[in-house]
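Dear colleague,

Please find below the structure that I am handing over to you, together with its sequence. Kindly look at it before reading on, as the notes that follow refer to it throughout.

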Amino acid sequence: MTTAVADHRLDFASPPDDVTCVHDFLAGVWGAEPSVGLEDRMAFELAVVELASNVVEHAGGGSRVACSLSLAVTGHDLEAELTDDGRPASVDPSAATLPDASAESGRGLALVGMVVDELHYERDGDRNRWTLRRGRV
């Protein structure tokens, strides 16, 4: 991650936590970072919450998954790193596309990719590492 003007961190596990704690965390970040405009807040929040939802739903495979979310606000970017101890991801985020309109799922990573400038995934030892970056408008 780039040198930040401010760093924010949330550790959570599901269960018992769910994405509500991510929403609450981001509300606190935006309160502490008034220079981040509404468009950037909304887009980045969509990306972070959608990614966290996917991790909670898929990485645990029905078991508990422990996650760490770091968010950095710089003068030019919003950056997030989400790590978890779940199963390795079986998707390539750069290949994510929106499914047919009648599909009931499968939009998550495609939506994330539409609102950020960078989306990366890697397996680092026994942890998944997702990174997001959005240039501030």
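Does Trp130 count as buried or exposed? Please bear in mind that the model is a predicted one. Trp130 has a relative accessibility of 6%, and it therefore counts as buried, since the cut-off for that class is under 20%.

Trp130 also belongs to an aromatic pair. The count of such pairs comes to one. The partner of Trp130 is Tyr121: the ring centres lie 4.6 Å apart and the planes stand at 45 degrees, so the pair is described as tilted. In general, two aromatic rings are described by how far apart their centres are and by the angle of their planes. Tyr121 is partly exposed, with a relative accessible area of 21%.

I turn next to the chain as a whole. It contains three helices and five strands, and along the sequence these follow the pattern β-α-α-β-β-α-β-β. The chain has 137 residues, and buried residues make up 43% of them. Among the contacts with a separation of 6 or more, 65% are between residues 24 or more positions apart. The accessible surface amounts to about 7200 Å², and carbon and sulfur atoms account for 51% of it.

Helix α3 deserves a separate look. This helix covers residues 108-115, and its buried residues are Gly108, Leu109, Ala110, Val112 and Val115. In an α-helix there are 3.6 residues a turn, so residues three or four places apart point the same way.

How exposed is Asp17? Its relative accessible area is 29%, so Asp17 is classed as partly exposed. In sequence, Asp17 and Val65 are 48 residues apart, while in space their C-alpha atoms are 9.8 Å apart.

With kind regards

Technical notes
Residues numbered from 1 in each chain as written. Predicted model: local features only at pLDDT ≥ 70, side-chain atom pairs only at ≥ 80, totals over all residues. Heavy atoms only, no water. Helix = DSSP H or I, 4+ residues; strand = E, 2+ residues; numbered from the N terminus. Buried < 20%, exposed > 50% of the residue type's maximum accessible area, 1.4 Å probe, protein only. Contact = heavy atoms within 4.5 Å. Areas by Shrake-Rupley, 256 points an atom, 1.4 Å probe, with all protein chains shown as cover. Phe/Tyr/Trp six-rings, centres within 6.5 Å; stacked < 30°, edge-to-face > 60°.
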